[in-house]
Amino acid sequence: MRKSNFLGFTSFNIRDLLRPKEPQVSLNLRTMDGVNEVGEVMVSRLQIEEETPPDHKCLALCDSLHTSIHDKENSPMMRAVLCSQVCKVYRFQTEDQRWLLVREQMSETPLSFSLPKKLLSLLIRSHTSRVQEVMELGDLSPHMDRLRYDVICHCNHLIGCYQETLADLDNISASSSFKSSCSKSDRQLQFVPTNLHAQRMEVTEPDSTGGVWYEVITFGAPADHHQGFKHGGLKKLLSKHTHLRDSVVSYSQEESSRARELLANVAQLQPLIFGLAEELLSVSLKQNNARLQPVLHSLTQQTKQFVHALKDELVKSALIASHDHSNLCENSTANQEGALTPGQQDAWQQEADYDEEEWDRAWANVGMSLNCIIAMGDRLLGKEEVTSSENQESDHSQNTASWQEQLLPLVVTLRDCVREAELKARVAMTFVMMQAAAAMTVSEGTTNIVQRRHAAFSQALSALVCGFVLRLFSALQDQDFLQQLISAGLLVQFEALLSTYGEEVGMLEDMEVCVSDLSRVTFTIIEAKSEEPEDLLPTLRGEWVSLVVEVPLPPETFRSLPQEVRDGRLIRVHPVLFNIGINQQQSLAERFGDSSLQERVNQQSCERLRVYCNTLRDTLPVTAGVQSLSDLLSSLERCVELKKRKNVEVLWIAAAVCRSVRGVRFTSCKSAKDRTAMSVTLEQCVLLRERHTLCNTHFSTALHCMRRAGCRMENVQKNIGSRKFAFSGVQLLTFPKLYRPPEGSFG
């Protein structure tokens, strides 16, 4: 018989392994890198309970599996992001009476701790920079100074908290890559995702030399369990603070950056202009024709740059806003103190009507004073064509006054105009930067809200990066997928199983906000320094509002990528969240409570999903399967609009859309232990049935096998120390019925 090279067997043919001679086998395997891995080949759960094969019968098969199943997965990239793997191997019968080899793998990831630590370091740097920035703004009005004080206090408090958390993680993470469900409320682990795992399944069909991989990232719903949910989650808490935003003028971070750059340019150009003006006077005193011309030219160039910088519309609009805001605050304070009479209020209002042309005159005066100096310089150098009478007057003036005396009043005027324009520009740009810092602080809410948002985001980010990296590694040779990343970005679909009752409402509100915040994240692929694991871990750069995740690849792998990717093209993220509560609390919510949060989340995500698919269709019209998305999306929209209790079909169709566009899937419940286990195991069996012809009569047996002795049971053991799900046997039997999708869901 022809021997298969699958799994590297040296003494077994794949057909021999899949032939049901003695299907009742239970194995324990160890990986080459010292990580414990448990593997089981099974068909009958009864056999597992009754007998274990003698060791000598298992050694050959153990060795074969041991060396083979890791050859493919033992690359430096995979070793860098996956660890502590648990593996189960099954044989299941197909409809044509042949046998599928199914490998189920559940892995931890060092990203659970490395990403939160990197994010905390970035946040500390960001808030430190904000403090330094507002401290350097100099003297401010009383109102602006109070605003600055609030910003500094807010940032310093967060810096102190985050430094403490980072120190705690440094002490813990040296020996850990996993946060159990029992630790989800620990303060030290506030930023670490709960129970984060990569759940992967490889399916090898008869006579096949390679397997097909399916992946889903599982983790506890990203939420701040440490602070709890007594007052609700992020969505509710943030809405309570919207009224505070009226106290500041909203400027974007882009406008703040422009203001900072403009302020730096003006601050650099002003002393250059003043220095050249002094040099011009010095040269004119000596009446040095050869030197006067280049000095005058340099002065002209620097002053033109100064004027060009000042003509930014942001300066004018900020001056008007600053003037109005200052008068408003002072007028409000005076009114509160009863210091203004009606007549004074009218006078104040007239003063508050800022002349929009005042700023245009300010920078125009700089230009006109420069023109006067240029004209005088040309006259002194004899370059100006004048009439004979004008020449006589010029000769007479040159005889009666030195060059310096003629240039001095013009230079003084230029300096005065530059100083006035620089002062106004500094006031305007300071206002923009201060208001942007204050707006960011106010929009973040109280420090508790900021910490909650950052903590939930950190958990979601760790899962996102893990999912992206695994998806990228699996498609490095897929040019269509790489082009899709460049053109349309990556779809990431979060499936939540949270109820809309009690504390889980707050968890869903946290999750909604942090999943939305992931849209600010972009990825870029870089060349790694080496193939050492620490050099292959993703890193972060940028700001909270525009975070860039850098994913390093080994040099040889990196050089095989398309040029656009190697040039650092940013890859956008399109996150969507679908939630269907499926436990007993959801039954209470649907009968006596409120499911509007779930309905709104699903409706918004449905709209975002259609936008992404339309973008994909427009940018890659020939991509296989894109045209078939229309029917799936229509079905999803109908399901979302249908007011049906525990309508899990929403989740199945959303998952089908995600897989169709080669997106990344995430599944969460409160701690990714019980409900998540039911969802993942059922999804795996449905994939086997729909895509690999798993015999329908064996569907329930396969499902029970995965749940009872598969990776998810190992996950329960790891989390709570007991091999029991958190619901009764009767409830367990209802889950297949509850989750079972119509046939063809993944076809």
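A charge is taken to sit over a ring if NZ of Lys or CZ of Arg is within 6 Å of the ring centre and within 35 degrees of the ring normal. The charged end of Lys-718 sits over the ring of Phe-178, 4.6 Å from its centre, and that of Arg-689 sits over the ring of Phe-699, at 4.9 Å from the centre.

The model is a predicted one, in which local features need pLDDT of at least 70 and side-chain atom pairs count only at pLDDT 80 or more, while totals for chains, interfaces and linings use all residues. Residues are numbered from 1 along each chain as its sequence is written, and side-chain values use heavy atoms, with hydrogens and water left out.

Salt bridges come next (a side-chain nitrogen of Lys or Arg within 4 Å of a carboxyl oxygen of Asp or Glu). The structure holds 33 of them. In one, Arg-662 pairs with Asp-478, with 3.1 Å between the closest N and O atoms. This pair links distant parts of the chain, 184 residues apart: Arg-662 is in the loop between helix 23 (649-660) and strand 14 (664-668), and Asp-478 in the loop between helix 15 (447-473) and helix 16 (479-487). Helices (H or I, at least four residues) and strands (E, at least two) are DSSP runs, numbered from the N terminus. For burial, the scale is relative accessible area with a 1.4 Å probe and protein chains only: buried means under 20%, exposed over 50%, and partly exposed in between. Arg-662 counts as buried because its relative accessibility is 19%, whereas Asp-478, at 27%, counts as partly exposed.

Another salt bridge brings together the side chains of Glu-495 and Arg-665 (3.4 Å, N to O). Glu-495 lies in strand 9 (residues 490-496) and Arg-665 in strand 14, so this bridge ties together parts that are 170 residues apart in sequence. Both Glu-495 and Arg-665 are buried. A further bridge joins Glu-504 to Arg-675, the closest N and O atoms being 2.8 Å apart. Here too the partners come from distant parts of the chain, with Glu-504 in helix 17 (residues 503-517) and Arg-675 in helix 24 (residues 675-692), 171 residues apart. Glu-504 is buried at 9% relative accessibility, and Arg-675 is buried with a relative accessible area of 10%. Beyond individual pairs, salt bridges that share partners join Glu-495, Arg-659, Arg-665 and Glu-683 into one network.

Turning to aromatic side chains, rings of Phe, Tyr and Trp (its six-membered ring) pair if their centres lie within 6.5 Å, and planes under 30 degrees apart count as stacked, over 60 as edge-to-face and the rest as tilted. Across the whole structure, seven aromatic pairs are found. The pair of Phe-219 and Phe-494 is edge-to-face, because the ring centres are 6.3 Å apart and the planes stand at 70°. Phe-219 is in the loop between strand 8 (212-218) and helix 7 (234-240) and Phe-494 in strand 9, 275 residues apart. Both Phe-219 and Phe-494 are buried. The pair of Phe-457 and Trp-544 is likewise edge-to-face, with centres 4.7 Å apart and planes at 75°. Phe-457 lies in helix 15 and Trp-544 in the loop between strand 11 (539-543) and strand 12 (546-553), so this contact ties together parts that are 87 residues apart in sequence. Phe-457 is buried with a relative accessible area of 1%, and Trp-544 is buried with 9%. Phe-219 and Phe-494 also belong to one aromatic cluster with Phe-666.

With a disulfide taken as a pair of cysteine sulfur atoms within 2.5 Å, zero are found in the whole structure. The sulfur of Cys-155 is too far for a bond, because the closest cysteine sulfur, in Cys-153, is 9.6 Å away. Likewise, the sulfur of Cys-685 is 8.6 Å from the closest cysteine sulfur, in Cys-705, too far for a bond. Cys-155 is buried with a relative accessible area of 0%, and Cys-685 is buried, also with 0%.
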